Amino acid sequence: MRILFATVAQLRQTPSGLTSDIASARYRVLIPAAQLARLGHQVQLATLNHADWPQQVKDAACDVLVISKSFHAVNEGLARGMKARGVKVVVDLCDDHFEHPEFGPHFANLVALADTVVASTQAMADAVKRHTARDSVVITDPVEGPRGFPKFAPRLPWLKLAWFGHPSNLGGIEAKAHELIALADRLPVHFSIVTAPWPTVPRFFTDLQAADPARLKVELVPWSVEATWKALVENDMVWIPVAESGKSAVKSPNRLLEPLWAGRIVVADPVPSYLPFADVTPIGKGLVRGALDVLENLAATEERVREAQRRIARDHSSFECARQWAKAVGDASERPMRLNLGCGDKILPGYVNVDVVEARAGMKPEVICDLHDLAPFADASADEILAVHVVEHFWRWEIRDVMREWARVLKPGGRMIIECPNILSACQTFLENPQQFSREDQNGQRTMWVFYGDPKWKDPLMIHRWGYTPDSLKELLAEVGLADVRQEPAQFKLREPRDMRVVGVKR
């Protein structure tokens, strides 16, 4: 399917690919477009740089036009022209401007032109229904940024608190500044504000800094995506106050998801899309009570963040959002779902590539999750599971439970394919010339690397924690309930004889 995403948000090229300083452009255009391309669709991107769309965009060969982040009537003309050619028009809405005197009529016109309306939240879908009587497909935002390990170890007496966002959201801090001052009265607070230049920011920053200079230190950090991730790592807690406004009701959960995904607890005002996380992070309690409740129960905090990350991996992965987008654009095909677990930098076409880290060697998986817990995948949902050089990275005492979890998501009749080093072959090779094959360089690739892992990674996750022979690996697959277990020729890495491949079928 040929899909054209058209947006007014500005996109820019970086060494790692296209990005935008507008969060919704990343969540609603760039990430869905990239994932739909991985599903095999031909995806084009167009951004409005002038008063009207250039002719090559109007004439673009496509089956589906997705209009996102639109405030300009020229998009109505683009939609009409595409519809006249038989192109399906999908309109994506993530802000409620239906009652805005300038943008409201445009929003209503776009919805009237749309074959399918997509909303970022249920509250946004309700607003569309209320103003236009049209139903919407709800597709949430995917989580963005590196997954961090849950950590809450504040170096009291100072609590390091962070806020991040567009300057237009600073009204939340301004409206709830009394909560920040009240918290500083209970314990000293170092407050980091990560935001972009804005005419009102200097005055706002100066006023806040003067509120209680002895117990409230305020730091202004120039916004960038990288600065945001850095602030999340360096601070103990994140605060998301919301000014009282009807527009906040339709907000997506992305500002809550990002710090939780980075491993940090969040105190937030109640927004409908935040409420599913109210049992794991303080929502609607106010800053003072929320922060003090967390400080009184340090042991539970990390476990709560871990549970939040599990839900995020399940419901907000780029893979899950892409599946929803595929349905919205009209892709009704039922593709076999094949998982490449522990993919590392080996991104395989035709597979859902899964890993616990955001990227290796610049290669990013579709799904980031702990392989101990495949939360993003339902029972009996995968047609095939492939794990290449993965099982040796788990401790022997945990591997049975890990592989039972993998088998959970495998359909009956589905295959589990395990490739890993053959420790029997490595031992035989080592004994041929222990002096040569005990080296850490390429001489040890078929021996020492099999025993311990490649030292060049300098990464504890890449250490080998157990070794297998063909017989012991076949026995392991049988123990976790797989049938017809057999050895086949290895197809990846160095192949035979250093590596081996064992296959089993779920009953």
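Q: What makes the 6 strands an open sheet, and in which order do they stand?
A: In this predicted model, the 6 strands line up as 4-1-5-6-7-8 with parallel pairing. Strand 4 (42–47) and strand 8 (137–138) are the edges, each pairing on one side only. Strands here are DSSP runs of E with at least two residues, helices runs of H or I with at least four, both numbered from the N terminus. Residues are numbered from 1 along each chain, and local features need pLDDT of at least 70.

Q: How do you know that strand 1 pairs with strand 5?
A: Two strands pair if DSSP finds at least two bridges between them. Strand 1 (residues 2–7) and strand 5 (residues 64–68) are joined by 5 bridges and run parallel, so they count as paired. One of the bridges links Phe5 to Val66 in strand 5.

Q: Which helix packs on the sheet, touching strand 5, strand 6, strand 7 and strand 8?
A: That is helix 13 (residues 318–328), whose direction makes about 135 degrees with that of strand 6. Touching means contact, with heavy atoms within 4.5 Å. Angles run from 0 to 180 degrees between N-to-C directions, with axes fitted to C-alpha atoms.

Q: What share of the residues counts as buried?
A: Buried means under 20% relative accessible area with a 1.4 Å probe, protein chains only. Of the 507 residues, 53% count as buried.

How values were computed
Predicted model: local features only at pLDDT ≥ 70, side-chain atom pairs only at ≥ 80, totals over all residues. Heavy atoms only, no water. Buried < 20%, exposed > 50% of the residue type's maximum accessible area, 1.4 Å probe, protein only.
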